Amino acid sequence: MIKFEIMETQVKNFDANLLNKYGLKDTVAHRNLSGEELQKITVQNNWGEETENGTLVVRTGKFTGRSPQDRFLVKDDYTREKVWWGKINKPLSPDNFDELYNRVTGYLGGKEVYVHDGYVGAYPEYRFNVRTIAEYPWSAFFVKNMFLRLDDKELENFTEDWLVVCAPGYVEQDPEKYGLRQGNFSILNFSRKIALVAGSAYTGEMKKGIFSALNLILPIEKNVLPMHCSANVGKDDDTAIFFGLSGTGKTTLSADPERKLIGDDEHGWTNEDIIFNFEGGCYAKIIDLTEEKEPDIYRAIKPGAMLENVVFKKDSKEVDFEDSSITQNTRVSYPIDHIENIKEPSFAENPTNIFFLTCDAFGVLPPVSKLTPGQAAYHFISGYTAKVAGTEAGIHEPVPSFSACFGEPFMPLHPTVYGEMLSKKMTESNVNVWLINTGWSGGSYGVGSRIKLKYTRTMISAILEGQLENMKFKVHPIFGLHTPEYCPGVPTEKLDPINTWENKGAYIQKAIQLAHSFHLNFEKFSKEASSQILSGGPLIDEHHHLEEHF
């Protein structure tokens with residue numbers, strides 16, 4: 001076993017009985033070490049290194065992202081009738097889980113492990129204590145950043161609601177015997193309240209494991225809507241929520257110097273009309289990061305943060321943010337207080353506006369549209385954006401991409417459950433919901449151009465300032481979206497996408513093609529969706545003729 005030098009007073013051990021509770025035999029547990037201590041251990045043992053400004057850098061090995069095909073939920077009396085089983089939520093038997101848990105804890109026996117106690121859920125009524133037992137010190141560093149932090153008095157009397165066990169070094173040699181696809185796995189057991197991660201050092205598996213657990217528990221047990229979104233609040237206490245998949249501008253647009261950040265990724269919406277952050281930190285992509293484009297994230301990279309899978313510039317300790325030789329998914333985790341303008345505590349009142357962000361590479365969706373409750377639920381369940389050439393191997397032209405509820409890999413329930421909850425809360429709170437296209441205009445990717453960020457920011461500012469409240473809207477003939485006829489600071493011809501295309505016929509054909517993709521994607525949800533939700537989709541499909549609408 002690799003030993004490290006650390007002062008005796010910094011080593012905090014559990015008693016043997018508590019370790020035995022988790023099936024850990026002859027194990028030394030370093031509990032709730034500081035970030036400085038965890039970083040020191042990591043660097044001393046060559047498990048990581050430091051940048052020129054002292055920020056910790058680690059490599060996650062074979063896995064530089066989540067492995068969704070190796071994610072399982074234990075199918076038992078609690079989950080059997082609740083979970084939407086299928087491609088996303090794959091079942092594992094309780095017996096197989098118990099065997100795997102025992103094998104992992106047996107593997108950790110006799111080792112030194114790093115234990116972190118924290119919690120998720122910034123609103124006190126919906127707080128869940130989480131204990132993490134990690135094989136690597138930098139895994140504990142990550143959850144220390146990402147989960148909410150407790151004071152010393154709270155730590156003394158800590159009892160977990162959920163347990164995370166993370167053993168990247170354990171790889172199952174007989175995966176088929178236990179119902180696995182391969183040697184790595186991430187498993188949630190809702191009856192035992194354990195998230196078990198093994199064979200992968202990618203830290204996001206721990207974060208998204210707990211998020212997935214909340215996405216089942218909160219709607220079922222607490223009637224709270226969990227959301228994969230960012231949120232901020234203005235000077236007049238008006239809350240805004242931003243949903244969006246990778247590359248749509250969620251982080252960029254929610255980081256506003258005039259508004260306080262509530263959180264950048266995971267939130268709940270309660271019956272008490274509260275939006276609250278689940279987390280205590282941020283986990284941001286940093287490929288091609290510059291201070292000009294993302295000043296908040298850039299400045300947050302300092303001691304206390306942790307960089308994953310980045311590369312240094314030659315003969316230096318300066319990060320080359322453009323280098324994707326390890327992965328496109330380079331990341332940084334940092335405590336939320338590394339951002340200057342944050343809401344403390346991190347919850348606020350009902351949202352006034354909700355934004356669905358999509359990067360439409362086909363160039364046919366309007367840059368801004370107002371949605372009805374039915375449309376909001378439909379687009380929420382659809383979770384549309386588009387992949388463009390270069391984002392994945394084999395993609396040479398735009399491809400529609402749908403991720404239910406803007407976070408399908410983390411949603412154990414049927415997407416319509418979340419869609420119905422969102423629609424109900426929208427109606428009760430009289431919130432405005434907007435679809436914002438941050439993608440292309442004047443043609444598809446390769447022909448048109450990306451909508452200017454300054455126009456997108458101007459449209460969002462106009463909405464937040466109430467400038468579109470009394471504006472006239474017209475209905476898009478293909479998608480049924482309500483688009484404003486005028487927006488201060490934005491050229492009027494930009495608001496109707498057909499006006500930006502030289503070939504109007506080509507626009508219509510491309511728009512109907514995308515509408516057809518929406519309909520095809522939604523077929524798997526249609527049996528569970530209400531008539532209101534079904535009415536929120538595009539007005540035309542493959543059975544309609546162009547001349548009926550133009």
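Analyst: We will go through a sheet, a strand, some salt bridges and a lone charge. Keep in mind that this is a predicted model.

User: Start with the sheet. In what order do the 5 strands of the open sheet lie?

Analyst: The general idea is that strands of a sheet pair through backbone hydrogen bonds, parallel or antiparallel. Here the order is S2-S3-S17-S20-S16, with mixed pairing. Strand S2 (48-50) and strand S16 (281-285) are the edges; each has a single partner strand, so one side of each lacks a neighbour in the sheet. On average, neighbouring strands are turned by 25 degrees against each other, direction ignored.

User: How do strand S3 and strand S17 run, and how many bridges join them?

Analyst: They run parallel, and 3 bridges join S3 (residues 56-58) to S17 (residues 306-308).

User: Which helix lies across S2 and S3?

Analyst: Helix H2, residues 35-44. Its direction is at about 110 degrees to S2.

User: Now burial. How many residues of strand S9 are buried?

Analyst: 5 of the 5 residues in S9 (residues 185-189) are buried, so the rest of the structure largely encloses this strand. Check each face in turn. Phe185, Ile187 and Asn189 are buried on one side, and Ser186 and Leu188 are buried on the other.

User: Which strands pair with S9?

Analyst: Strand S4 (residues 71-74) pairs with S9 in the parallel sense over 3 bridges. There, arginine 71 is opposite serine 186. Strand S10 (residues 194-198) runs antiparallel to S9, joined by 5 bridges. In that pairing, phenylalanine 185 has alanine 198 as its bridge partner. S9 and S10 make a hairpin with 4 residues between them. In its turn, lysine 193 has a positive phi of about 60 degrees.

User: On to charges. How many salt bridges are there?

Analyst: The count is 22, taking a side-chain nitrogen of Lys or Arg within 4 Å of a carboxyl oxygen of Asp or Glu. One of them joins arginine 80 and aspartate 77, with the closest N and O atoms 2.8 Å apart. Read the accessibility next. Arginine 80 is partly exposed at 36% relative accessible area, while aspartate 77 is exposed at 71%.

User: Is lysine 207 buried or exposed?

Analyst: Lysine 207 is buried, with a relative accessible area of 3%. This side chain meets aspartate 265 in a salt bridge, 2.8 Å from N to O. The pair links distant parts of the chain, 58 residues apart: lysine 207 is in helix H6 (residues 204-222), and aspartate 265 is in the loop between strands S13 and S14. Aspartate 265 also counts as buried, at 9%.

User: What is the N to O distance between lysine 207 and glutamate 279?

Analyst: It is 2.6 Å, in another salt bridge. Glutamate 279 lies in the loop between strand S15 (274-277) and S16, so this pair ties together parts 72 residues apart in sequence. Glutamate 279 is buried at 2% relative accessibility. Now widen the view: Lys207, Lys208, Lys250, Asp265, Glu266 and Glu279 are linked in a salt-bridge network.

User: Where is glutamate 408, and what does it touch?

Analyst: Glutamate 408 sits in the loop between strand S25 (399-402) and helix H10 (415-429). It is buried yet has no salt bridge. The nearest side chain of opposite charge is lysine 524, 5.5 Å away. Leaving out residues up to four places away in sequence, glutamate 408 touches Trp84, Ile88, Phe402 and Ser403.

Conventions. Residues numbered from 1 in each chain as written. Predicted model: local features only at pLDDT ≥ 70, side-chain atom pairs only at ≥ 80, totals over all residues. Heavy atoms only, no water. Helix = DSSP H or I, 4+ residues; strand = E, 2+ residues; numbered from the N terminus. Buried < 20%, exposed > 50% of the residue type's maximum accessible area, 1.4 Å probe, protein only. Lys, Arg positive; Asp, Glu negative; His and termini not counted. Contact = heavy atoms within 4.5 Å. Pairing = 2+ DSSP bridges. Axes fitted to C-alpha atoms, helices over the stretch in contact; angles between N-to-C directions.
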